[in-house]
Amino acid sequence: MNPDLSVVYETKGIYGNHKPIYQEFAPLNQVGEFYYQPNVFYAYEACGLGFRKGGLVMDNYSKFVSHIIQ
């Protein structure tokens with residue numbers, strides 16, 4: 001939401017009967033039309049990296065991007 005409480009972006013879905021969730025906007029990395037969200041996975045310690053590829057809001061249809069660290 002903007003400081004004037006206007007909505008920047010919203011998604012539709014099957015959750016219309018639930019209370020809405022508002023998040024502070026944080027710009028994601030963008031390449032072309034796709035946005036990427038980096039993730040760190042933990043199992044008692046950091047053990048993996050991942051990237052989600054999707055739209056402005058990551059959802060169930062966002063893709064996992066494989067990678068190699070050398």
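Analyst: Ser-62 is buried, because its relative accessible area is 10% and the cut-off for buried is under 20%. This is a predicted model, and every value below is computed from it.

Start with the place in the chain. Ser-62 sits in the loop between strand S3 (46-54) and S4. Leaving aside residues up to four places away in sequence, Ser-62 touches Arg-52, Lys-53 and Gly-54. There is also a link to the backbone. A polar atom of the Ser-62 side chain lies 2.9 Å from the backbone nitrogen of Asp-59. Tyr-36 is 26 residues away along the chain, yet the C-alpha atoms of Ser-62 and Tyr-36 are separated by 9.4 Å.

One of the contacts of Ser-62 leads on to a ring. Lys-53 touches Ser-62, and the charged end of Lys-53 sits over the ring of Phe-34, 4.3 Å from the ring centre. Aromatic pairs are another matter: the structure holds zero of them.

Now the sheet. Four strands form an open sheet, in the order S1-S2-S3-S4, with antiparallel pairing. S1 and strand S4 (63-65) are the edge strands, and each pairs on one side only. On average, neighbouring strands of this sheet are turned by 40° against each other, direction ignored. In general, strands of a sheet pair through backbone hydrogen bonds, parallel or antiparallel.

Look at S1 and its partner. Strand S2 (residues 34-42) is joined to S1 by three bridges, and the two run antiparallel. Across this pairing, Gln-30 stands opposite Tyr-35 in S2.

The loop between S2 and S3 holds Tyr-44. Tyr-44 counts as exposed because its relative accessible area is 90%, and the cut-off for exposed is over 50%. Its backbone deserves a check too. Tyr-44 has a positive phi of about 75°, although it is not a glycine.

Leu-5 also has a positive phi, about 70°, and is not a glycine either. Leu-5 lies in the segment before S1. With 61% relative accessibility, Leu-5 is exposed.

Lys-19 is found in the segment before strand S1 (29-31). Lys-19 is exposed, at 77% relative accessibility.

How values were computed:
Residues numbered from 1 in each chain as written. Predicted model: local features only at pLDDT ≥ 70, side-chain atom pairs only at ≥ 80, totals over all residues. Heavy atoms only, no water. Buried < 20%, exposed > 50% of the residue type's maximum accessible area, 1.4 Å probe, protein only. Pairing = 2+ DSSP bridges. Axes fitted to C-alpha atoms, helices over the stretch in contact; angles between N-to-C directions. Phe/Tyr/Trp six-rings, centres within 6.5 Å; stacked < 30°, edge-to-face > 60°. Lys NZ or Arg CZ within 6 Å of the ring centre and 35° of its normal. Contact = heavy atoms within 4.5 Å. Polar contact = N/O pair within 3.5 Å; in protein donor to acceptor, adjacent residues only side chain to side chain.
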